[in-house]
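Hi,

Here is the structure I said I'd pass along. Have a look at it first, and then read on for what turned up.

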Amino acid sequence: MRIGILNSGGDCPGLNAVIHGVVGAASQLGWEVIGFKDGFEGLLPPGDYKVLRPQDTLGILKLGGTILGTTNKGHFAAKVGKGDIAEVPADIVAKAKRTMEQLEIRALIIVGGDGSLTTGLQLYREGWPIIGVPKTIDNDLRATAMTFGFDSAVSTVVDGLDRLHTTAESHKRIMVLEVMGRHAGWIALWGGIAGGADVILLPEIPYDTEKVAEFIKARDAQGHHSTLVVVAEGAHLPSGELATIAENAGGEVRLGGIGDIVAHRLESLTGKETRSCTLGHLQRGGAPTALDRILGTRFGVMAVKLAEEGRFGRMVSYQAYHVDSVPIEEAVNQLRLVEPDGEMVKAAKAVGICLGD
Ligand code: F6P
């Protein structure tokens with residue numbers, strides 16, 4: 001039997017661990033694995049792919065990025081903006097199907113986030129043997145407690161905050177760190193708590209910059225002359241708008257700039273020297289953490305098990321230390337966001353972190 005795998009959307013630490021897991025588990029069953037390049041684009045005739053044997057995946061477990069390449073644009077982009085869904089045109093689906101048939105692919109594993117899995121769901125509903133694997137550093141997919149890549153991104157945030165802390169202390173400054181996560185504040189919240197941030201600003205919790213400034217002034221009065229602020233890229237402006245850089249070809253906005261805006265405002269309200277830093281794609285690059293290597297491996301193995309059992313239209317899911325699966329439709333089209341009154345937010349507040357509300 002022959003199965004296919006592709007990853008689509010932004011890259012993510014741990015993608016290669018999934019590929020490694022899939023190839024390892026499939027080879028135990030005597031199956032051949034075809035890796036499609038650059039996401040769904042590799043399915044278009046004449047087909048852009050490579051055969052993946054265990055010897056082709058040696059040493060990739062520890063590598064960031066993906067050996068298959070990826071794209072969040074192209075002919076199969078299912079999302080055109082927050083909440084807007086576009087169908088992949090019938091002629092494109094038909095072309096891709098021909099490649100599947102010619103190669104006799106009996107199961108197609110799609111490793112992707114909300115947009116890619118939405119495409120996967122469309123293909124499954126059109127009769128394709130699809131299995132989903134959740135992937136995003138943003139950790140915003142429903143129906144899975146965690147996605148691989150998130151832990152690596154959080155670790156980078158923590159490393160960044162540790163570094164900013166020493167320079168902030170030395171100069172008695174406010175340092176603002178803008179982090180990724182799109183419309184979800186998970187990276188900011190986890191990274192901020194673990195990195196000892198004093199202020200964390202999230203998309204899910206409207207904040208008041210004046211309250212943050214008062215908090216910083218109070219810290220100053222108590223002898224804490226430096227302050228670390230983490231702001232999620234999707235945190236809203238006072239007007240309720242998002243800070244954006246551009247619109248991608250697919251129609252989704254590129255977020256960015258909120259860190260600078262918050263920094264300028266805090267500087268003028270507190271009179272304290274303030275600098276901002278954007279961590280950007282450093283959060284997506286580099287080697288996956290041990291947790292992400294293990295999650296990726298387990299997800300890959302579970303995807304092959306689902307293929308063996310013929311359980312298509314399902315997405316691998318992590319729940320309470322256990323890897324299982326759920327119908328893909330339970331995971332897509334609605335993001336899993338930070339709960340403003342949830343336990344983690346309460347824990348952050350309990351240790352004195354200001355969320356600006
Ligand atoms: O979804 C992952 C993510 O890294 C977001 O956190 C970020 O907003 C976006 O992708 C950046 O995308 P791109 O690499 O296309 O700029």
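Before anything else, a word on terms: two strands count as paired if DSSP finds at least two bridges between them. Helices (H or I, at least four residues) and strands (E, at least two) are DSSP runs, numbered from the N terminus. What you have is a predicted model, in which local features need pLDDT of at least 70 and side-chain atom pairs count only at pLDDT 80 or more, while totals for chains, interfaces and linings use all residues. Residues are numbered from 1 along each chain as its sequence is written, and side-chain values use heavy atoms, with hydrogens and water left out.

Let's start with the seven-stranded sheet. This sheet is open, has mixed pairing, and runs in the order S3-S2-S1-S6-S7-S14-S15. Its edge strands are S3 (49-52) and S15 (322-327), each of which pairs on one side only. From one strand to the next, the twist averages 30 degrees (axes are lines fitted to C-alpha atoms, for helices over the stretch in contact, and angles run from 0 to 180 degrees between N-to-C directions). Inside the sheet, S1 (residues 2-7) is paired with S6 (residues 107-112) in the parallel sense, over five bridges. Ile3 has Ala107 as its bridge partner in S6.

Helix H8 (residues 290-308) lies across S1, S6, S7, S14 (314-319) and S15, and runs at about 140 degrees to S14.

There is also an open sheet of four strands, in the order S9-S10-S8-S13, with parallel pairing. S9 (199-201) and S13 (274-278) are at its edges with a single partner strand each, so one side of each has no neighbour in the sheet. Neighbouring strands here are turned by 20 degrees against each other on average, ignoring direction. S8 (residues 174-179) and S10 (residues 227-232) pair in the parallel sense over six bridges, and Val179 stands opposite Ala232 in S10. Helix H5 (residues 186-194) packs on this sheet, touching S8, S9 and S10, and its direction makes about 175 degrees with that of S9.

Now for the ligand: which residues are around it? They are Asn72, Ile137, Asp138, Met180, Gly181, Arg182, Glu233, His281 and Arg284, going by a heavy atom within 4 Å. An oxygen atom of the ligand is 2.7 Å from a side-chain N or O atom of Asp138. For Glu233, the distance from a ligand oxygen atom to a side-chain N or O atom is 2.5 Å, and for Arg284 it is 2.8 Å. Each is a polar contact, meaning a pair of N or O atoms within 3.5 Å.

Most residues other than glycine have a negative phi, and most peptide bonds are trans. Pro45 and Pro46, however, are joined by a cis peptide bond with omega of about 10 degrees, and Pro46 is found in the loop between S2 and S3. Glu104 is not a glycine, yet has a positive phi of about 55 degrees; it sits in the loop between H2 (90-102) and S6.

Cheers

Conventions
Contact = heavy atoms within 4.5 Å. Polar contact = N/O pair within 3.5 Å; in protein donor to acceptor, adjacent residues only side chain to side chain.
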